[in-house]
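This briefing is intended for a reader who has the sequence and the structure at hand. Please consult both while working through the points below.

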Amino acid sequence: RGPAKVMIDWPNVTASSNQELGLKPEELQKSKCVLGFIPVIYYSILLCIGVPVNILTAVALCRLASRTKKALYYYLLAVTASDILSQLFIIFVGFLLETAVFHRDVPTLLLHSVSVAEFAANHASIWSTVPLTVDRYVALCHPLLHRQISYPARARKIIAVVLAVSIASGVPFFWWSDMWRDSHSPTALDGVLIWTHVTIIYFLPCSIFLVLNSLIIHTLRVRQREQLGKTTAMLLAITSVFSVLWAPRTIVVIYHLYVSTVHQDWRIHLAYDLSNMLAMLNTAVNFFLYCFVSKPFRSAVRDQQVPTNASISSLYSGNSKRFQRDFTPLSPHGARKPS
């Protein structure tokens, strides 16, 4: 889930800068955003749905983690927390505030600093799934070893390392170029950053997912007696949805680097906008995958609703009794006779 911001057709090249750069008229032709305000509406809806859903997911996973003491739920909780950060930094700050509201008319230092936060949250969201995959592989293929090395304290340490590395890996993207506004062709630095980006967020994690998931499925087939468990099915669903939703953006970014830029070709602009919208969808779908696959998760979600309903019913019942006690008139037998 990466820094994905869709640009609306704001003017971005001045006449003076054009003359200074010595660009040709055809090079100055900015691609149009054919989607108009659709991305603004889409990201607003995604944010309004995704953040509450992820908060609900985090509360449910916290209950399951404290109840079961399983490392699995700590890894899922890390993924959820990273998704929330991605939604806040990439969608809310990066797109809705910087782009749609301020039209990116903010200090350059702030723009680049936000880019660092976006990439760091993006990397944390993706790489939090890697230790989850490793944990499931060890649990199914080496169960005795899993009992020795998989416990909450170790999971928390691994998550802390992943978060620290993700923050550090976001620093080089302080120099990430604005694909929509930069009229020049990608430079050598842009090429290095783009390939580093697609390797970190797609090629490397997807390779790990492919290898470990293949080993898990092969092990289950060899044993034959064991069926695909709910936890393993949930893992396969998470990694498969990620691979599908992020593939278009990875392809478009590489195409932008070598063939035609987003700034010059409206078709690449459109493809980039749509691929970013798909990639950001991945930050809001895990709740529904968990509900569909995991019965303990569904129970934890229901448990959050039952106490609330019970407290409301109790409050209503108490108020009703108090109302009846205060306002019910005295019966003739209970009334005191005047002396």
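Ser 166 is buried in this predicted model, because its relative accessibility is 4% and a residue counts as buried when that value is under 20%. Ser 166 belongs to helix H8, which covers residues 152-170. Leaving aside residues up to four places away in sequence, Ser 166 is in contact with Ala 120, His 123 and Ala 124.

**Salt bridges**

- Side chains of opposite charge can pair when their charged atoms come close.
- How many salt bridges does a search of the whole structure find? The search finds 2.
- One of them joins Arg 67 to Asp 303, with 3.8 Å between the closest N and O atoms. This pair links distant parts of the chain, since Arg 67 lies in helix H3 (residues 38-68) and Asp 303 in helix H13 (residues 295-327), 236 residues apart.
- Asp 303 has a relative accessibility of 30% and therefore counts as partly exposed.
- A salt bridge also forms between the side chains of Arg 136 and Asp 135, at an N to O distance of 3.1 Å.
- Are the two partners of this pair buried or exposed? Arg 136 is buried, with a relative accessible area of 13%, and Asp 135 is likewise buried, at 7% relative accessibility.

**Packing of helices H6 and H9**

- Two packed helices are described by the angle between their axes and the distance between the axes.
- The axes of helix H6 (residues 129-141) and helix H9 (residues 188-223) cross at roughly 20° and come within 10 Å.
- Because angles under 35 degrees count as roughly parallel, H6 and H9 are described as roughly parallel to each other.
- The crossing of these two helices, H6 and H9, is left-handed.
- On the H6 side, the residues that meet H9 include Thr 129, Val 130, Thr 133, Tyr 137 and Leu 140.

**Annotated transmembrane regions**

- An unreviewed UniProt entry lists residues 40-61, 73-97, 155-176, 192-212, 233-258 and 270-293 under "transmembrane region".
- In the model, residues 40-61 are 100% helix and 0% strand, and their end C-alpha atoms lie 31 Å apart.
- Residues 73-97 are 100% helix and 0% strand, with 33 Å between the end C-alpha atoms.

Notes. Residues are numbered from 1 along each chain as its sequence is written. This is a predicted model: local features need pLDDT of at least 70, side-chain atom pairs count only at pLDDT 80 or more; totals for chains, interfaces and linings use all residues. Side-chain values use heavy atoms; hydrogens and water are left out. A salt bridge is a side-chain nitrogen of Lys or Arg within 4 Å of a carboxyl oxygen of Asp or Glu. Helices (H or I, at least four residues) and strands (E, at least two) are DSSP runs, numbered from the N terminus. Buried means under 20% relative accessible area, exposed over 50%, partly exposed in between (1.4 Å probe, protein chains only). UniProt positions are given in the numbering used here, feature names are shortened, and annotations may be inferred rather than shown by experiment. Axes are lines fitted to C-alpha atoms, for helices over the stretch in contact, and angles run from 0 to 180 degrees between N-to-C directions. Angles under 35 degrees count as roughly parallel, over 145 as roughly antiparallel, 65 to 115 as roughly perpendicular and the rest as oblique. A crossing is left-handed if the near helix is turned anticlockwise from the far one by less than a right angle, and right-handed if clockwise. Contact means heavy atoms within 4.5 Å.
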